Amino acid sequence: MQYKAPVNDIKFILFDVLGADKLHELDKYSEATPDIISAVIEEAGKLATEVLQPVNKVGDEQGCQYDPQTHNVTTPKGFKEAYKQFTEAGWASLDSPTEFGGQGLPHTLKFIVDEMVCSSNLSLGMYSGLTHGAISALYAHGSNELKATYLAKLISGQWTGTMCLTEPQCGTDLGLTRTRATPLSDNSYSIKGTKIWISGGEHDLAENIIHLVLAKLPGAPDTTKGLSLFLVPKYLPGGSERNPAFCGGLEHKMGIKGSATCVMNFDDAKGWLVGEPNDGMRSMFTMMNEARLMVGMQGLGIAEMAFQESLSFARERLQSRSLSGPKNPDEAADPIIVHPDVRRMLMRQKVLNEGMRALALFTGHQLDLSVAHPDATVREGADDMVQLLTPVVKSFLTDEGFNNADQGLQVLGGSGFTTDWPLEQLLRDSRISRIYEGTNGIQAMDLVGRKLGLNRGRLIGHLLTTLNDYVKGNASLPHHDALEVAVKSLEKATQWIAANGMKDPEQAGAAASPFLRLMALTVIAYMWSRMAAAAKEQLNAGEGNTPLLESKLVSAQYYFDKLLTESTWLLADITSGKDSMMALTDEQW
Ligand SMILES: Cc1cc2nc3c(=O)[nH]c(=O)nc-3n(C[C@H](O)[C@H](O)[C@H](O)COP(=O)(O)OP(=O)(O)OC[C@H]3O[C@@H](n4cnc5c(N)ncnc54)[C@H](O)[C@@H]3O)c2cc1C
């Protein structure tokens, strides 16, 4: 079926819940009026349906092809044309800096476009997604000369970027990096080493590929503190001289087959330092934090497409009679959407997707406030929120993106398992998002091990204050008590980790994943409460889109009745500690 961008839901969250209709009041975003934002959302939806989705299946069937003679990679049929349309229409440069040709629009808009791109063609979205991360790292940490040489063409999409961290012996633990950088007399470096699983490492979509490579300088510490970041172009400045940074082969993988995942051999390739020596992790984190939010949107994008497919199927497929009597008496059976168990799967998808969208757009809006608000205290609070929620958005949206794709497939029964329907591709494509950009387990460790203690607990303090103030100030709202219980659970879990995790880091490690999930469910509960309140207000005033607003009230009820209940056992899981998890000896497994 054709993808239909969830334009009305996005507008409701942005304008009626988050107040993003006021973004244009900030000097930096004076052009982002509600009309412009609405036009961007609507046009992005059309692009996703008309340009990106039509080449999604062929991308999966054909995959990318590698030529060992030339080391070139060919992308699937139609990718080149779709990428050209995407970049030439400016979709890759929405929120990029204006001084290098970007449009300088709010980051929230990029979140929205990312969701639509990933619903319609995740593989194709990877090329510009990673390029965007490279742009941010270069903009924040590159020298003026590097910026002048590379940024405009990366922003226009004429060139693409990569992120080269992983090596055969070094995945999560980047301190194990073996790639070396040797200084040359002309201020450049010679880069030698092999990187694996590099997305967009080689392809035929762009004229040049700009690799950002982590490597170690001579004498650098053999830990992450010894890593430096280098810019290594496929073609050297001037345009025609080929740098010895060649693709050595493609990975054969279960999904995102249209995204070229490459072995990259840097054979004394010429590179330039980005940022300070031995400070590569800082530069790389600029890129990774952004990429983590983008990967979260991959989870949501896939989940939305899976939901649309399964809803449409459930309305058509006739099997059995409704438990409350025939609903379709002229046919031999009722559509399966009448069955409570099918409803359970559809409601889970719908309610979680809308909640995850609200969480993501809330984070995007905070990101915009953190860079554009005139009040330094507001900027600081918004930045705290973004830092804290980045691993939550990455992990929860990708875990639930995959789970919702699985629920969607289940709604289709045997049809879902066949390649006649897109659910199996969606499920395969979504799986990687839980692994790359730091596995979801590592995101949870980042949240618990780093973010909770950052600035003496200021980040989590800011979130808990926001939630508690909301609960205290809105005692008459529906779902108030359930939200209050969830916030208290999050508070108790935070205190438990502070009391036990400092003394024994394994306690923090054991609690990390359930804690991240508890935070996600609680912040989404806060979002559902705000969505229900906004919907009720509009319905009472006789305004707005009635079916959407009424569905928000029912969905909020479902969230509090059926999904938030998980928070109770997550707290029990966290506070039961590590003992039964860590006790087995080698012989006992
Ligand atoms: C399709 C694809 C595209 C990719 N694109 C890129 C790219 O563009 N650039 C790039 O550099 N890399 C890329 N990667 C690599 C990806 O980022 C890594 O696979 C990922 O970071 C995990 O590393 P690993 O696979 O070596 O797993 P490992 O690090 O070996 O981890 C294995 C398991 O152990 C867990 N684990 C490891 N250490 C800890 C710890 N300290 N605490 C708790 N749990 C731990 C992990 O969570 C995981 O479950 C890509 C991978 C794939 C498959």
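Analyst: Happy to! A residue counts as near a molecule if its C-beta atom, placed from the backbone, lies within 6 Å of it. Around the ligand there are 19 residues, and Leu-165, Gly-171, Thr-172, Ser-199 and Thr-439 come nearest. Please keep in mind that this is a predicted model.

User: Which strands and helix supply at least two residues each to the shell around the ligand?

Analyst: Those are strand E3 (159–164), strand E5 (189–199) and helix H12 (440–451). By class, the shell has ten nonpolar, eight polar and one charged residues.

User: What makes the shell a matter of domain 2 and domain 3?

Analyst: Each of domain 2 (159–279) and domain 3 (439–580) gives the shell at least three residues. The centres of these two domains, taken over C-alpha atoms, are 39 Å apart. The domain assignment also lists domain 1 (7–151).

User: Why is strand E6 called largely enclosed?

Analyst: A residue is buried if 20 or more other C-beta atoms lie within 10 Å of its own. Eight of the nine residues of E6 (residues 208–216) are buried, so the rest of the structure largely encloses this strand.

User: How do you know that E6 pairs with E3 and with E7?

Analyst: Two strands pair if there are at least two bridges between them. E3 and E6 have six bridges, in the parallel sense, while E6 and E7 (residues 227–233) have seven, in the antiparallel sense; both therefore count as pairs. Val-213 in E6 stands opposite Cys-164, and Val-213 also stands opposite Phe-230 in E7.

Conventions
Residues numbered from 1 in each chain as written. Predicted model: local features only at pLDDT ≥ 70, side-chain atom pairs only at ≥ 80, totals over all residues. Helix = DSSP H or I, 4+ residues; strand = E, 2+ residues; numbered from the N terminus. Nonpolar A, V, L, I, M, F, W, Y, C, P; charged D, E, K, R; others polar. Domains from an automatic or database assignment. Buried ≥ 20, exposed ≤ 12 C-beta atoms within 10 Å, placed from the backbone.
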